[in-house]
Amino acid sequence: MRSFPYKPAKKPDLRSPGRYLLWLAGAQRGTLLLGIMYGTIWTVCQALTPYILGQAIDQGILPGNFSRLTGWVGLLVGLTIVQSVSATLRHRAAVSNWMQAAFRSAQVVGHKVTRSGDALPQKFSTGEVVSTCASDAMRIGEIFDVAARLAGSVVGYLLVSFLVFQSSWQLGLVVLIGVPLCGAAMLFVIRPLQRRQKAQREAAGQMTALGADTVAGLRVLRGIGGEHIFVERYRERSRETQLAGNKVAYSLADLDAAQVFVVGVFSVAFTWIGALQAVSGQIEAGQLVALYGYAVFLVSPIRTAADAVSRLIRAQVGAKRIIDVLATPSAVHDAETTVPAPASPSALLDSVSGVVVAPGGLSAIVSDDPAKSADLARRLGRFEDAVLREAEVRWGSEALHMMPLREVRSRIVVSDAEPQLFTGTLREELDPAGNHTDAEIMAAIDVASADDVFDGLEHGLDDEVTEKGRSFSGGQRQRLTLARAVLTEAEVLVLIEPTSAVDAHTESRIATALRRTRGTPEQTTVVVTASPLLLGAMDTVAFLQDGALLAQGTHRHLLDTVPGYRKVVIRGEGMDGHATPAEATPKATTPEATAGANARDDVELLDNSSTHGGGN
């Protein structure tokens, strides 16, 4: 049993698909060499079997020498036992090599996803990235599965060529030249197969991407009546993938037929020439039997070679897709020369807006354009180094993007507006690192006023969370995400619209709890919101107009002295006195997201006007 994930290997070689495959081979060279050794032993035993049969006939049966016959039969039995054991070990090593290559590829893609920031989603859809792990990684593993058989087939082919030369140099030349020619003949069928497999891979990737995106927005689609449109699109993509798959099947059928035909022609020609030499007395009867056995054996190397070429093509297509993902420049990474992060809590200064977040206590950011305040929060969280090189954020006296990324991530945490939950137990969801006791987890849940979540959970913290937390309502997901953020105990915690999906009474409890738990000199909390209930609990509020700092002070002071601030806050105030999601949530950037935001806003407004406690 091998532990997973694997230990970090050297940086993947992304210069070409071939070099990436060689990098994988180097990362598992031990089991790969072991598989090749077992595959070679297994094939050599098969190749020697006809030779031993021929010797048993010529030296034991024909002259009537029982002792020699017994010796050759005993050798044949021993060879059969070795062949059986090596076949089992070869298969075990082959499967291990396949799974190692596939999982290591999935692992490096997973690491890339977690470290690339926003760069990857901007280039690939979710479905395309998932397809690289679910499909391409497995296809890459196939070439390492066949590697042991291929190496053994090469050794077996050379051994048989040598043995045949001992009987007849003419037949030896037939084997030495004929087998490579048979393999080359397969290329005429394999080349079209390569083109069709590439087209089928692209069609399957597009279908997977569309399916993933549709499932992710299924609730919104149903709400706006657009479900049938996406179903029809998926049906079209599925049909295109099916037709592309049919073309691949045609080429695979051609390849199988070509293998049977080419190998059959070679075997018949080889056996016929051997029979003619036996009739003319050039070779013995036992040698003829051995030659027939060689002809049967040589079918395997030819087919293995054709199978390896076919798998290599699929592996190269898959490796190309994985390289495309891995070669995407990360949005954040450590600079060649880093500067130390401040040793103690320090101020954050945003050069674009002019906002200064003092260390300790609770601060809020309000903007006449919600997208501007959301962008500021992302800059404070160092989401994109390219942005920070032009719009510098300083932490203490140094540039934030020049500091070690690991330290920035451990000390500055941003909780985005869209709650993201993953599959697993609720305990693992809220405390992924397992650093907190159940009592501490429940305390964080109390801060987020998410106690009602347990009403429908039979096993409490051990209850399984469905994919993306679909079993919870939008408000429950948002509050669980807030509890997870509080549990990080980050030095700087940035919360983007943490209460946009809850009612006023729940929001008031959250504001009070945040002040109680995060209002310390050692911890800095920045809240991006336009909700008066949250703003009233803040130590200081920064108001942005056109993306620049216009005024800063307490919520009450800004209401009394800054008309623009009052206009934004009052405009965002609903019937129950807190900001409505339509004003507080950053603007959507896609038609589907816009439709989803509008549908969600309608639902939340209805909830806010009719609910008097408990949250969603």
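The legends below describe close-up views of a predicted model.

Residues are numbered from 1 along each chain as its sequence is written. Local features of this predicted model need pLDDT of at least 70 and side-chain atom pairs count only at pLDDT 80 or more, whereas totals for chains, interfaces and linings use all residues; side-chain values use heavy atoms, with hydrogens and water left out.

**View 1. The protein chain as a whole.** The protein chain holds 22 helices and 12 strands; helices (H or I, at least four residues) and strands (E, at least two) are DSSP runs, numbered from the N terminus. Of its 616 residues, 48% count as buried, where buried means under 20% relative accessible area, exposed over 50%, and partly exposed in between (1.4 Å probe, protein chains only). The accessible surface of the protein chain comes to about 29,500 Å², and 60% of this belongs to carbon and sulfur atoms. Accessible areas come from the Shrake-Rupley method with a 1.4 Å probe, and for residues only the protein chains shown count as cover. Among contacts (heavy atoms within 4.5 Å) between residues at least 6 apart in sequence, 77% join residues at least 24 apart.

**View 2. The sheet of 6 strands.** The strands form an open sheet with mixed pairing, in the order β6-β9-β10-β3-β11-β12. Its edge strands, each pairing on one side only, are β6 (412–415) and β12 (548–553). Neighbouring strands of this sheet are turned against each other by 20° on average, direction ignored. Two strands are taken to pair if DSSP finds at least two bridges between them. Strands of a sheet pair through backbone hydrogen bonds, either parallel or antiparallel. Both senses occur at β11 (residues 540–545): β3 and β11 run parallel and are joined by 5 bridges, while β11 and β12 pair in the antiparallel sense over 5 bridges. L544 has L549 of β12 as its bridge partner, and S367 stands opposite L544 in β11.

View 3. Helix α11 (residues 370–380) lies across β3 (361–367), β6, β9 (492–496), β10 (524–528) and β11, and runs at about 140° to β3. Helix α16 (residues 474–487) also packs on the sheet, where α16 touches β6 and β9 and its direction makes about 170° with that of β9. Axes are lines fitted to C-alpha atoms, for helices over the stretch in contact, and angles run from 0 to 180 degrees between N-to-C directions.

**View 4. The sheet of 4 strands.** These strands form an open sheet in the order β2-β1-β4-β5, with antiparallel pairing. The edge strands β2 (356–357) and β5 (398–399) each pair on one side only. Strand β4 (residues 393–395) pairs with β5 in the antiparallel sense over 2 bridges, and the bridge partner of W395 in β5 is E398. Helix α11 lies across β1 (348–350), β2 and β4, running at about 130° to β1.

View 5. Most residues other than glycine have a negative phi, and most peptide bonds are trans. D546 is not a glycine, yet has a positive phi of about 55°. The hairpin of β11 and β12 that holds D546 has 2 residues between the strands. D546 counts as exposed because its relative accessibility is 66%. E497, also not a glycine, has a positive phi of about 45°. E497 is placed in the loop between β9 and α17 (504–518). With a relative accessible area of 4%, E497 is buried.

**View 6. Surroundings of L430.** L430 lies in helix α14 (residues 426–430) and is buried, with a relative accessible area of 2%. Not counting residues up to four places away in sequence, L430 touches I441, I445, L461, L480, A483, R484 and L487. L430 and L482 are 52 residues apart in sequence and 9.3 Å apart in space, C-alpha to C-alpha.

**View 7. A nonpolar surface patch.** F165, W169, L173, L176, I177 and L181 make a nonpolar surface patch of about 570 Å². Patches are made of residues with over 30% relative accessible area and no salt bridge, with like charges joined within 9 Å and nonpolar side chains (Val, Leu, Ile, Met, Phe, Trp, Tyr) within 5 Å; a salt bridge is a side-chain nitrogen of Lys or Arg within 4 Å of a carboxyl oxygen of Asp or Glu. Helix α6 (residues 169–185) gives the largest share of the patch, 5 residues. F165 is placed in helix α5 (residues 126–167) and counts as partly exposed, at 32% relative accessibility.
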